[in-house]
Each structure stands twice: as structure tokens, then as C-alpha cells.
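Me: I would like to learn how to read a protein structure feature by feature. Could you take me through one slowly, giving the general idea before each case?

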Amino acid sequence: FKIYYGAQGTGKTTMAMNETDNLCIVCNSSMLPSDLMEDFTFSDGKATFNPSALCKCMEEGKPIVLDEINLLPFDSLRFLQGIFDGKTEFQYKGQTVHIKEGFKVIGTMNLVVNGVSFGLPEPLVDRCEDIKEFTLTAEMLMNAF
């Protein structure tokens, strides 16, 4: 688990996407753990649930970006906390989900959104192997013009 944080436009999501072959879930404040683990489509008028990109990355041992991870609700952050504690598998709705070698989440985040600070719970931060701050540099400003 890695965290890249900083102001908008500093390159954190771009760097993370380069590290994950562009595998990304854009997070929001209404995403529950089921939204992180399942995608659904309609088949013959019925909802059919399929493994999400996050679930597939766990099973295949691939890294993925959770963009704006700090906007997730507390229940979803607690769910992720349980995944990042060194497990090789866990039960989800009666099925065993395997976490293979190589699976990693890179969470990107702006600490301040619309004037409000959104942090992460300490137990989740404690599970980070790397926390990197991205800052806007004069060179970035020059390249923008």
C-alpha cells in the first residue's frame, strides 16, 4: 500500500497510473465495500455481479490506483485496512478472495478538497510502505504556460 498526496496538478495520479498499467478506480464518498469489490451488469433483466477491477487485481497479483482514496466513507476505509494487513486471502460474501504476490494499491489524494481536509485513519496510514508528497514546482508552472 502506497499513498501519493499533494495539491491538484502535481502529477501524483499520472505517476501512479504509470506504475499500474493504467488500472484505476476513481473513488467517491458513496462507495461502499461492495462497490469496491463488485461490478454489476444486467443480464435478462436481472443484476449480475462480477468481480471488480480491485478484486481482479488481488486475484491476479497486479497493482491498482484508488484515485481520491481519502474520499471513501469510513466503512470502505476500514474494509481496505483489513486487506492491507498481510492476509493472503479473505472471505467475501461466502467466497474466498486470494491476494496474490504483486497486488498493491496506490492511493492518490488531495488533502484539501473545497476547503475541507480529508485525511485517512491512522491504522490505514500505518499500513503504508511508502508515503510521498507531491508539490507544485516552478518548472511545472513554466511548463503549464
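Reply: Let us begin with helices and strands, which are DSSP runs numbered from the N terminus, a helix (H or I) having at least four residues and a strand (E) at least two. Here the chain has six helices and 11 strands. This is a predicted model, in which local features need pLDDT of at least 70 and side-chain atom pairs count only at pLDDT 80 or more, while totals for chains, interfaces and linings use all residues. Residues are numbered from 1 along each chain as its sequence is written, and side-chain values use heavy atoms, with hydrogens and water left out.

Me: What radius of gyration does the chain have, and what would a compact globule have?

Reply: The radius of gyration is taken over C-alpha atoms, and the globule rule is 2.2 Å times the number of residues to the power 0.38. For 145 residues a compact globule would come near 15 Å, and the chain, with 16 Å, agrees with this. Along the principal axes, the C-alpha atoms fill a box of roughly 55 × 35 × 30 Å.

Me: Which residues of helix α4 are buried?

Reply: A residue is called buried when its relative accessible area is under 20%, exposed when it is over 50%, and partly exposed in between (1.4 Å probe, protein chains only). In helix α4, which spans residues 74–83, the buried residues are S76, L77, F79, L80, Q81 and I83. As a general idea, an α-helix has 3.6 residues a turn, so residues three or four places apart point the same way. The cover over the buried residues of α4 includes α2 (33–37), α3 (53–60), β5 (63–67), β6 (89–92) and α5 (122–125), where contact means heavy atoms within 4.5 Å.

Me: How many residues of strand β8 are buried, and which strands pair with β8?

Reply: Two strands pair if DSSP finds at least two bridges between them. Strand β8 (residues 104–109) has five of its six residues buried, so the rest of the structure largely encloses this strand. Strand β1 (residues 2–6) runs parallel to β8 and is joined to it by four bridges, with Y5 having M109 as its bridge partner in β8. Strand β5 also runs parallel to β8, through five bridges, and there V65 has I106 as its partner.

Me: How many salt bridges are there, and what does K2 pair with?

Reply: A salt bridge is a side-chain nitrogen of Lys or Arg within 4 Å of a carboxyl oxygen of Asp or Glu, and by this rule the count comes to five. In one of them, K2 pairs with E19, their closest N and O atoms being 3.1 Å apart. This pair links distant parts of the chain, since K2 is in strand β1 and E19 is in helix α1 (residues 12–19), 17 residues apart. K2 is buried, at 13% relative accessible area, whereas E19 is partly exposed at 33%.

Me: Which residues make a nonpolar surface patch?

Reply: Patches are made of residues with over 30% relative accessible area and no salt bridge, like charges being joined within 9 Å and nonpolar side chains (Val, Leu, Ile, Met, Phe, Trp, Tyr) within 5 Å. Here F40, F42 and F49 make a nonpolar patch of about 390 Å², an area that comes from the Shrake-Rupley method with a 1.4 Å probe, for which only the protein chains shown count as cover for residues. F42 lies in strand β3 (residues 38–43) and is exposed at 60%, while F49 lies in strand β4 (residues 46–51) and is exposed at 52%.
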